[in-house]
Structures are given as C-alpha cells and as structure tokens.
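Grab a pencil and work through a few exercises on side chains and how they meet. Try each task yourself before you read the solution.

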Amino acid sequence: MKVQTAELSSCVETVETYFHGILDELEAMRTLLVDLFDRGPVDSAVARARIEPNVRRFLSTTDIVGAGYVAARGALSDEALYLAWWQGDDQQLLAESDAPGTGDPLDYTRHPWFRTPERTGRSYVTGPYVDFVCTDEYVMTSTAPVLSRGRMVGVVGADTLVETLEGLLLPAMRSADATLVNDQGRTVVSADPHLATGNLVDLSAYAEVLPCRDLPMSVVRR
C-alpha cells in the first residue's frame, strides 16, 4: 500500500531539490560540450578547457566532491579513454586512471554511471557504491549523456559523498522514521541504525513508498 504523508513528502522534496540541482548544472556542462563536438573533431585539451571553468565553479559553490567530463571510447581525436575530472578540496585534475590492483588503464565504460546513460540516453544517479577510483568512500554519482551527431561522446557527472547526504538528509529522515533507497532497494541513508549504507531491503515490507521525481530513488517507511 502506498500512502503519502507530509513527513515523507518533505524528505522526498529535499532529495529532489538536491539531485535536480546537480542535474541542472550537468545540463549546462553538457550543452557546452555538445556545441563543441557538433563543430567537428575534439581533442582532450580542448574538451578539458571547455568545461573547466564551469566545473571549478561547481566544486567551489556546492558540496560535491568531484565533477567533470568522461569521454566515450574513441570520441576524442587524441585519447581512447580520458577523464576531464576534478576532485577534492584542491580540485585536482584526474586525466587518466589505473584500475585498482592491476595498474592497467581503467576501462570505466563498464560502470553503471557510464553504461546506463549510454543505454537510455537519459540522466541517471548511480549508487551507493565505494568509489575505488577517486575517493575510496561511498558515493552517489549523477551523470548525463553528451550526445552529438547521433552518438554518445561521453558523460558529464558529479560525485556526492554519502556522508554529505547523511548530513543533509538524516534530520528529516529521523523525524519521519524513513529510509532513502535506490531503484534496486539498497539503502542510501536511513533513520534505522540497523540499516547501513548499501544494505538491501525488502520493499514489500514497507507500508509507505514515495518515489523521487525522475530519480532512481524512493523514500520508504514501515
């Protein structure tokens, strides 16, 4: 049974406001890159320079931990795989990365944050998952496809630490005795101290389920 309450609606509104704000920023970055790729071949330096001011401002004015552009294989004229991605308080550029444990070049195209926008042509929020490439912490990654001339040339994205979401959401979640789950039923943030981030929950056991608008998440309560 689905029953909407004011408490749950308030939680959903907070989640929607936060992630749609990120997706709005990504839309502006995407527009810059689409315009660039529509004009002809693009190399990594040009792509990086095109979005760097937007990304640095984004990092400086919000609580995201990383953001940038991730190229599709073969989209750039000089690099097969490339990340114009800045992260951390010092806004360090992560242009290339190795796979954890092997040292081989990282093939990020298999990750859900890349694969899902490629498959659907739509924005997506992936997580929670442990980001072994950048932060080694639980994150939520928002991504949007960059489409030019009928093909995806990469994604623009932003990472949010789950710890940051806990600071933002837990007061309301505790008031509502609620849990935020992703579209696979995995816990993102919960008022229940027995539910850790990443725990899988049985949604049929919850009496109240309120989806977040255009996001792969719901706020639930027993």
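Predicted model: local features only at pLDDT ≥ 70, side-chain atom pairs only at ≥ 80, totals over all residues.

**Exercise 1: a pair of rings**

Task: Work out which kind of aromatic pair tyrosine 18 and phenylalanine 19 form.

Solution: 
- Start with the search of the whole structure, which finds five aromatic pairs.
- For tyrosine 18 and phenylalanine 19, the ring centres are 5.2 Å apart and the planes stand at 85°.
- Rings count as a pair if their centres lie within 6.5 Å, and planes over 60 degrees apart count as edge-to-face.
- So this pair is edge-to-face.
- As for where they sit, tyrosine 18 and phenylalanine 19 are both buried.

**Exercise 2: a pair that links two elements**

Task: Find out which parts of the chain are tied together by phenylalanine 37 and tyrosine 69, and name the kind of pair they make.

Solution: 
- Check the geometry: the ring centres of phenylalanine 37 and tyrosine 69 are 6.2 Å apart, with the planes at 50°, so the pair is tilted.
- Now place the residues. Phenylalanine 37 belongs to helix H1 (residues 6–39), while tyrosine 69 belongs to strand S1 (residues 66–71).
- The pair therefore ties together parts that are 32 residues apart in sequence.
- Phenylalanine 37 and tyrosine 69 are both buried.

**Exercise 3: a salt bridge across the sequence**

Task: Show how glutamate 7 and arginine 221 tie together parts of the chain, and say whether each one is buried or partly exposed.

Solution: 
- Side chains of opposite charge can pair when their charged atoms come close.
- The structure has eight salt bridges, and one of them joins glutamate 7 to arginine 221, at 2.8 Å from N to O.
- Glutamate 7 is in helix H1 and arginine 221 is in strand S10 (residues 217–221), so the bridge ties together parts 214 residues apart in sequence.
- Glutamate 7 has 40% relative accessibility, so it counts as partly exposed.
- Arginine 221 has a relative accessible area of 12%, so it is buried.
- Zoom out a bit: Glu7, Glu208 and Arg221 are linked in a network of salt bridges.

**Exercise 4: one helical turn**

Task: Explain how arginine 30 and glutamate 27 are placed along helix H1.

Solution: 
- Arginine 30 and glutamate 27 form a salt bridge, with their closest N and O atoms 2.4 Å apart.
- They are three residues apart in helix H1, so about one helical turn separates them.
- Arginine 30 counts as buried at 17% relative accessibility, whereas glutamate 27, at 36%, counts as partly exposed.

**Exercise 5: from helix to helix**

Task: Identify the helices that aspartate 35 and arginine 50 belong to.

Solution: 
- Aspartate 35 and arginine 50 form a salt bridge whose closest N and O atoms are 3.8 Å apart.
- Aspartate 35 lies in helix H1 and arginine 50 in helix H2 (residues 44–61), so the pair ties together parts 15 residues apart in sequence.
- Aspartate 35 is partly exposed, with a relative accessible area of 31%. Arginine 50 is also partly exposed, with a relative accessible area of 31%.

**Exercise 6: the surroundings of a histidine**

Task: Describe where histidine 20 sits and what it touches.

Solution: 
- Histidine 20 is found in helix H1.
- With 15% relative accessibility, histidine 20 counts as buried.
- Leaving out residues up to four places away in sequence, histidine 20 touches Arg213, Asp214 and Leu215.

Key: Residues numbered from 1 in each chain as written. Heavy atoms only, no water. Phe/Tyr/Trp six-rings, centres within 6.5 Å; stacked < 30°, edge-to-face > 60°. Buried < 20%, exposed > 50% of the residue type's maximum accessible area, 1.4 Å probe, protein only. Helix = DSSP H or I, 4+ residues; strand = E, 2+ residues; numbered from the N terminus. Salt bridge = Lys/Arg side-chain N within 4 Å of Asp/Glu carboxyl O. Contact = heavy atoms within 4.5 Å.
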